[in-house]
Amino acid sequence: MLAPIVTYAGLGTLVTGAVGVGLAIRNHHRQVNAQIFLELSSRYETVKEAFPSGTWVNRLANERDLPPRSERLTAAILSYLALVSYSHILYDRGYLSRDLWTILQDDLRRTLGAPLFAREWASLRPEFAALPKFMRHVDSLQP
């Protein structure tokens with residue numbers, strides 16, 4: 001009579017423990033993603049500050065209103081692309097959740113598809129030859 005109770009109690013403990021471990025893993029994954037997102041956000045802000053005055057704000061301008069090429073602008077865009085490539089690597093390797101990648105994608109689609117970035121991507125593309133998936137991704141966002 002007592003044996004079935006002990007068996008069910010042991011099974012209940014096992015299930016409760018498994019659920020607890022599953023929740024702990026899920027919470028840890030969410031915490032890590034939040035930390036990655038905060039770090040990426042901080043780095044994006046730092047990169048944006050490197051752009052020549054007014055360039056980031058006007059990055060979506062049409063082709064007629066593009067700023068002239070300059071070393072500083074090209075370097076800033078290269079830094080931005082490098083950060084985007086790191087984000088892409090994190091996503092591709094499963095370190096960045098699909099939800100966070102989707103949030104980033106909305107901005108990337110607008111920015112990397114803008115005439116300014118299309119112009120610069122043409123000359124900076126070879127810098128990313130070691131990252132063919134990233135290159136295909138950027139190419140897919142270009143007009």
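Select His 88 first: leaving aside neighbours within four places in sequence, His 88 is in contact with Trp 101, Lys 133, Phe 134 and His 137, where contact means heavy atoms within 4.5 Å. This is a predicted model, in which local features need pLDDT of at least 70 and side-chain atom pairs count only at pLDDT 80 or more, while totals for chains, interfaces and linings use all residues. Residues are numbered from 1 along each chain as its sequence is written, and side-chain values use heavy atoms, with hydrogens and water left out.

**His 88 and helix 2**

His 88 lies in helix 2; helices (H or I, at least four residues) are DSSP runs, numbered from the N terminus. With a relative accessible area of 9%, His 88 is buried. Buried means under 20% relative accessible area, exposed over 50% and partly exposed in between, with a 1.4 Å probe and protein chains only.

**Helix 2 against helix 3**

Now show helix 2 (71-92) and helix 3 (98-112) together. Their axes come within 11 Å and cross at roughly 150 degrees. That makes helix 2 roughly antiparallel to helix 3. Axes here are lines fitted to C-alpha atoms, for helices over the stretch in contact, and angles run from 0 to 180 degrees between N-to-C directions. Angles under 35 degrees count as roughly parallel, over 145 as roughly antiparallel, 65 to 115 as roughly perpendicular and the rest as oblique.

The crossing of helix 2 and helix 3 is left-handed, that is, the near helix is turned anticlockwise from the far one by less than a right angle (right-handed if clockwise). To see the contact, select Tyr 80, Leu 81, Val 84, Ser 87, His 88 and Tyr 91 on helix 2, then Arg 98, Trp 101, Leu 104, Asp 107, Leu 108, Thr 111 and Leu 112 on helix 3. By class, the contact of helix 2 with helix 3 has eight nonpolar, three polar and two charged residues. Ala, Val, Leu, Ile, Met, Phe, Trp, Tyr, Cys and Pro count as nonpolar, Asp, Glu, Lys and Arg as charged, and the others, Gly among them, as polar.

**The loop at Ser 97**

Move to Ser 97, in the loop between helix 2 and helix 3. Ser 97 counts as buried, at 19% relative accessibility. Its side chain reaches the backbone nitrogen of Leu 100 at 3.2 Å. Not counting residues up to four places away in sequence, Ser 97 touches Asn 33 and Tyr 91.

**Helix 3 against helix 5**

On helix 3, pick Trp 101, Gln 105, Leu 108, Arg 109 and Leu 112; on helix 5, pick His 137, Val 138 and Leu 141. The residues of the contact of helix 3 with helix 5 divide into five nonpolar, two polar and one charged.

**Helix 1 against helix 2**

Next, display helix 1 (residues 2-49) with helix 2: they pack at an angle of about 170 degrees, with their axes 10 Å apart. Helix 1 and helix 2 are therefore roughly antiparallel to each other. Ile 36, Leu 40, Arg 43, Tyr 44 and Val 47 in helix 1 meet Ala 76, Ser 79, Tyr 80, Leu 83, Val 84, Ser 87 and Leu 90 in helix 2. Nine nonpolar residues, two polar and one charged make up the contact of helix 1 with helix 2.

Centre on Tyr 44, in helix 1. Tyr 44 counts as buried, at 6% relative accessibility. Setting aside residues up to four places away in sequence, Tyr 44 touches Tyr 80, Leu 83, Val 84, Ser 87, Leu 104 and Leu 108. To follow the chain, draw a distance from Tyr 44 to Ile 25: the two are 19 residues apart along the chain, and their C-alpha atoms are separated by 28 Å.

Ser 41 is also found in helix 1. At 31% relative accessibility, Ser 41 counts as partly exposed. Ser 41 and Ala 76 are 35 residues apart in sequence and 16 Å apart in space, C-alpha to C-alpha.

**Last stop: Arg 59**

Finish at Arg 59, in the loop between helix 1 and helix 2. Arg 59 is buried, with a relative accessible area of 9%. Leaving aside neighbours within four places in sequence, Arg 59 is in contact with Asp 107, Arg 110, Thr 111, Ala 114, Leu 116 and Phe 117. Arg 59 and Arg 110 are 51 residues apart in sequence, and 9.4 Å apart in space, C-alpha to C-alpha. The side chains of Arg 59 and Thr 111 are joined by a polar contact of 2.9 Å. A polar contact is a pair of N or O atoms within 3.5 Å; within protein, one must be able to donate a hydrogen and the other to accept it, and residues adjacent in sequence count only if both atoms are side-chain atoms.

Conventions
Helices (H or I, at least four residues) and strands (E, at least two) are DSSP runs, numbered from the N terminus.
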